[in-house]
Amino acid sequence: DEDEEEEEEEEEEEEEPVDTKPELEEFCKPKCVKTWVAYQECTERVEKDTTGEAHCTGQYFDYLSCIDKCVAPKLFHTLK
């Protein structure tokens, strides 16, 4: 019984993991303004497109890639 109680106490002491990625993404967004502006300009062009074939997938992925490149080193540094 004592062993079970000790195990329960140890489990209670462990902290819940915190996902720091959203916070790091917010931190990195200002560093990716150029790709965000390119994406916004593209969406304005697409809204005016009448063919229905235009899209901004490339610009959106460029923006996400910029954020990911900024976040990754900081995120993996904090992992245990």
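Biologist: Where does A38 lie?

Modeller: A38 lies in helix α3. Helices here are DSSP runs of H or I with at least four residues, strands are E runs of at least two, and both are numbered from the N terminus. This is a predicted model, where local features need pLDDT of at least 70, side-chain atom pairs count only at pLDDT 80 or more, and totals for chains, interfaces and linings use all residues. Residues are numbered from 1 along each chain as its sequence is written, and side-chain values use heavy atoms, with hydrogens and water left out.

Biologist: How do you know whether A38 is buried, exposed or partly exposed?

Modeller: Its relative accessible area is 31%. Buried means under 20%, exposed means over 50%, and partly exposed is in between, with a 1.4 Å probe and protein chains only. A38 is therefore partly exposed.

Biologist: How many helices and strands does the protein have?

Modeller: It has 4 helices and 0 strands. From the N terminus on, the order is α-α-α-α.

Biologist: What makes α3 and α4 roughly parallel or roughly antiparallel?

Modeller: Helix α3 spans residues 33-48, and its axis packs against that of α4 at about 160°, 8 Å apart. Axes are lines fitted to C-alpha atoms, for helices over the stretch in contact, and angles run from 0 to 180 degrees between N-to-C directions. Under 35 degrees counts as roughly parallel, over 145 as roughly antiparallel, 65 to 115 as roughly perpendicular, and the rest as oblique. So α3 is roughly antiparallel to α4.

Biologist: Which residues make that contact?

Modeller: From α3 come T35, W36, A38, Y39, C42 and R45, and from α4 come Q59, Y60, D62, Y63 and C66. Contact means heavy atoms within 4.5 Å. By class, the contact of α3 with α4 holds 7 nonpolar, 2 polar and 2 charged residues. Ala, Val, Leu, Ile, Met, Phe, Trp, Tyr, Cys and Pro count as nonpolar, Asp, Glu, Lys and Arg as charged, and the others, Gly among them, as polar.

Biologist: What makes L24 buried?

Modeller: L24 is found in helix α2. Its relative accessibility is 16%, under the 20% limit, so L24 counts as buried. L24 touches V71, K74 and L75, leaving out residues up to four places away in sequence. L24 and V71 are 47 residues apart in sequence, yet 5.8 Å apart in space, C-alpha to C-alpha.

Biologist: How do you know that C32 is buried?

Modeller: C32 has a relative accessible area of 1%, also under 20%, so C32 is buried. C32 is found in the loop between α2 and α3. Residues up to four places away aside, C32 touches Y63, C66 and I67.

Biologist: Which residues make up the largest nonpolar core?

Modeller: There are 8: L24, C28, C32, Y63, I67, C70, V71 and L75. Helices α2 (21-28) and α4 (57-78) each supply at least two residues of this core. The largest share, 5 residues, comes from α4. A nonpolar core is a set of buried Ala, Val, Leu, Ile, Met, Phe, Trp, Tyr and Cys residues joined through side-chain atoms within 4.5 Å.

Biologist: Which residues is I67 in contact with?

Modeller: Neighbours within four places in sequence aside, I67 is in contact with E25, C28, K29 and C32.

Biologist: How much of the protein counts as buried?

Modeller: Of its 80 residues, 15% count as buried.
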